[in-house]
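Please open the model in your viewer and keep the selection tool at hand.

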Amino acid sequence: MIIKKMHDMGIRSEHAYLAGIASIGLSVASWVASLKAEQAGVERADRWGIFVGEWAPTFIGLGLALSHYEQQEGTLSGALHAVRQAG
């Protein structure tokens, strides 16, 4: 039901995959920013990096669920999927 709502809102699997990749970069950036900006030390920076890093598997999981829904609906698009279906 949530996946259908997301799909109806225009969110596609590619969007979720990109968000997962972006969250990995954001995890590194938040770790570096916390390490440089705060005087709390490496432990605090590690916590920030891990917190943001946990978003990536969530976005990837949503991408997989959306991709599965798109396959069932016949609305799966994108260059990567087109190559996989042709091969």
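**A tour of the helices**

Select helix α3 (residues 42-53) and then α4: their axes come within 5 Å and cross at roughly 5 degrees. Axes are lines fitted to C-alpha atoms, for helices over the stretch in contact, and angles run from 0 to 180 degrees between N-to-C directions. Helices here are DSSP runs (H or I, at least four residues), numbered from the N terminus. Because angles under 35 degrees count as roughly parallel and those over 145 as roughly antiparallel, α3 is roughly parallel to α4.

This is a predicted model, in which local features need pLDDT of at least 70, side-chain atom pairs count only at pLDDT 80 or more, and totals for chains, interfaces and linings use all residues. Residues are numbered from 1 along each chain, and side-chain values use heavy atoms, without hydrogens or water.

Next, select F51, V52 and G53 in α3, which meet W55, A56 and P57 in α4; contact means heavy atoms within 4.5 Å.

Move to helix α2 (residues 13-37), which has 25 residues. Its axis lies 7 Å from that of α4, at an angle of about 170 degrees; the two are therefore roughly antiparallel. Within α2, colour S13, A16, G20, S23, S27, S30 and S34, which are buried (under 20% relative accessible area, 1.4 Å probe, protein chains only).

Now centre on A16. Beyond its neighbours within four places in sequence, A16 is in contact with F59, L62, G63 and L66.

Finally, select I3, M6, A16, L66 and Y69, the 5 residues of the largest nonpolar core (buried Ala, Val, Leu, Ile, Met, Phe, Trp, Tyr and Cys residues joined through side-chain atoms within 4.5 Å). Helices α1 (2-8) and α4 (55-73) each supply at least two residues of this core.

Conventions:
Buried < 20%, exposed > 50% of the residue type's maximum accessible area, 1.4 Å probe, protein only. Parallel < 35°, antiparallel > 145°, perpendicular 65-115°, else oblique. Expected span 1.5 Å × (residues − 1).
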